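Please consult the sequence and the structure alongside the text.

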Amino acid sequence: MNLKSNPKRPRGGAADPFFRLRLFVAGDEPHSLKARETLFRLCREHLKDRCEINVVDVLQDYRAALDCHVMAVPTLIIETPPPERVIVGSLSDEDKVLAVLGIARGKVRP
Amino acid sequence: MTEKKPSHEELQARLERAEAVLAALRRGEVDMLLGARDPLVVRLKSLADENERLVREWQTTFDNVNDAIWLLDAEHRIQRSNRTAERFFGKVREEFIGRRCWEIVHGTQEPIPECPLLRLRESLRREILELPIGDRWFEVTVDPVLDGNGNYSGAVHMVSDITERKRLEEWRRASEENFRRFLDGLPLGARVVSEEGDTLYANRAFLDMHGCDSVEEFQNIPSRERYTPAAHTEHLSRREKRRRGEYVPPEYEISIVRKDGAIRHLHVQRDEILWDGKRHFQVLYRDITERKRMEEERDRVFQRLRETLGTTMKVAVRVVEMRDPYTAGHQRRVADIARAIAVEMSLPAEQIDGLRYAASVHDLGKVAVPADILTKPSVLTAPERALIQIHSQTGYDILKDIDFPWPIARMVLEHHERIDGTGYPNGLSGEKLLMESRILAVADVVEAMALHRPYRPALGLDAALQEIEAGRGRLYDAKVADICLRLFREKGYILI
């Protein structure tokens, strides 16, 4: 499974970086479902069209997970902007996810 | 291909990622772990689900074990109870909780003196008590529960109904005791030995056979001295065979040397038994010394009787042959032919012995025939022939009251009978005639025709065999005739 939340890469200014995110999940296992739901919601609320989410199901494609040194799922890899960052788990700590993405709750764009 | 050595930064990143994985595992947020190189994955169930499942499994097991189980706190108050305990004591769970176990089990306000919990506080190790309540037996097992510092913090209290086990133990003890009493009073020697040959028990009769006062005294005599040399060799051979797992008959005879040096012969029967709950052997000994002595005496007497009888018969034969020199040697030759036929027919050795005996005296009845008729050098008249023919009956009358181990008298009586019933004296036929009589008839005709007679010259062996061939199946038993013909014609048997 390879889903893109926004297949068109929108143009953005230097102050609004574009996020390329890759989320590794295991089918419909509970933590994977939760991570997917949380990520899509946060992106919808905070990044609008400034992101591309690539969801990789390791049950279908484990090779991609091994190539990216993924040891546990769910794992979110923030590929761009650099540096690459990794969050392991069901993304239950949303503040931490936003902090890693460099987004503060107060900075939500209308 | 050599793997590129990772940089410090890469190693740092991997370490951070591993730590992130560990943290996620601790939070219980991981569905699956992936191998570093292989496509193997370890799927993690939701910890909560897993915990719930484990609790359910534990509770089900706890409730369904056959023993009544309580978990006690440090003051011996019941904290938890399983369903079996409810059934056991006829109370619902709530009636147990908070009460002390002795209130429920014994109905007392204080623990009973032998209460295993009192010992457990000291030993901090499993303690067990077996006790009867009503008409049943119970086993109470208590195991300590220790806190992190190794201090007593409670106990697992288990009550099992062991009535059946107790009954079986009691039954086994009683049956073994009965068995021991039975062996004690047995007139046969009885011994229980281990697989290694150690004597675990011996009754009075057995010790008396060996002239010993106790099992210890018996054990202290080396086996070499307990047996005669031949019996000791056999004993070692049996022991070696048993050691190799080979078959040894369960019954045999041994010859022992008593402490006073006397030799006794024993019949032994060895059977596997359970003794003190273990596999051993029960060996029964019957003293057959007296029986052996009587058998030997009987054999000696029998042998003497045979010899006496043999001498008597020889005297009788000599009397006949002195009166009838033409038949001198006839009986011996007939006996030889008859024996050769019987051997070819594979008759049992015992039967052949009887046949030879009968053949060597078959003309005994001629003692009653006037000597001048026996030696008359011309053809006999009808009355003379009739006188000669009564010799079978006379022989029978002389022999019939002698107690031979074979039907000698009947063979003598029937040696002139023919299988078609045309013989004398009784005109018996076929199966009514003894097989030995049928053989004797053929041997007698061959010898008589082949050699010289007072009233005619020898007709020769060929004529004799032709007579047998012509009468085969009519006058003479077909099988006997065939074998006789084969003996002379093919196997080169010669009349001497």
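**Chain interface and sheet of chain B**

Between chain B and chain A there is one salt bridge, a term that denotes a side-chain nitrogen of Lys or Arg within 4 Å of a carboxyl oxygen of Asp or Glu. This is a predicted model, in which local features need pLDDT of at least 70 and side-chain atom pairs count only at pLDDT 80 or more, while totals for chains, interfaces and linings use all residues. Residues are numbered from 1 along each chain as its sequence is written, chains are lettered from A in the order in which they are written, and side-chain values use heavy atoms, with hydrogens and water left out.

- The salt bridge joins A:Glu84 to B:Arg17, with the closest N and O atoms 3.3 Å apart.
- On the side of chain B that touches chain A, the elements giving two or more residues are α1 (8–27) and β1 (32–34) of chain B; helices (H or I, at least four residues) and strands (E, at least two) are DSSP runs numbered from the N terminus.
- The largest share of that side, seven residues, comes from α1(B).
- In total, 21 residues of chain B are in contact with 25 residues of chain A, contact meaning heavy atoms within 4.5 Å.
- The two chains bury about 1900 Å² between them, 57% of it on carbon and sulfur atoms; buried area is the accessible area (1.4 Å probe) that two parts lose on being put together, summed over both.
- B:Arg17, B:Asp31 and B:Leu34 supply 38% of the area that chain B buries against chain A, more than any other three residues.

**Pairing across the interface**

- Strand β4 (residues 72–73) of chain A pairs with β1(B) in the antiparallel sense over two bridges; two strands pair if DSSP finds at least two bridges between them.
- Within β1(B), B:Leu33 is the bridge partner of A:Ala72.

**Sheet of chain B**

- Five strands of chain B form an open sheet in the order β9-β8-β12-β11-β10, with antiparallel pairing.
- β9 (199–202) and β10 (251–257) of chain B stand at the edges, each with a single partner strand, so one side of each is left without a neighbour in the sheet.
- β10(B) pairs with strand β11 (residues 263–275) of chain B over seven bridges in the antiparallel sense, and B:Ile256 stands opposite B:Arg264 in β11(B).
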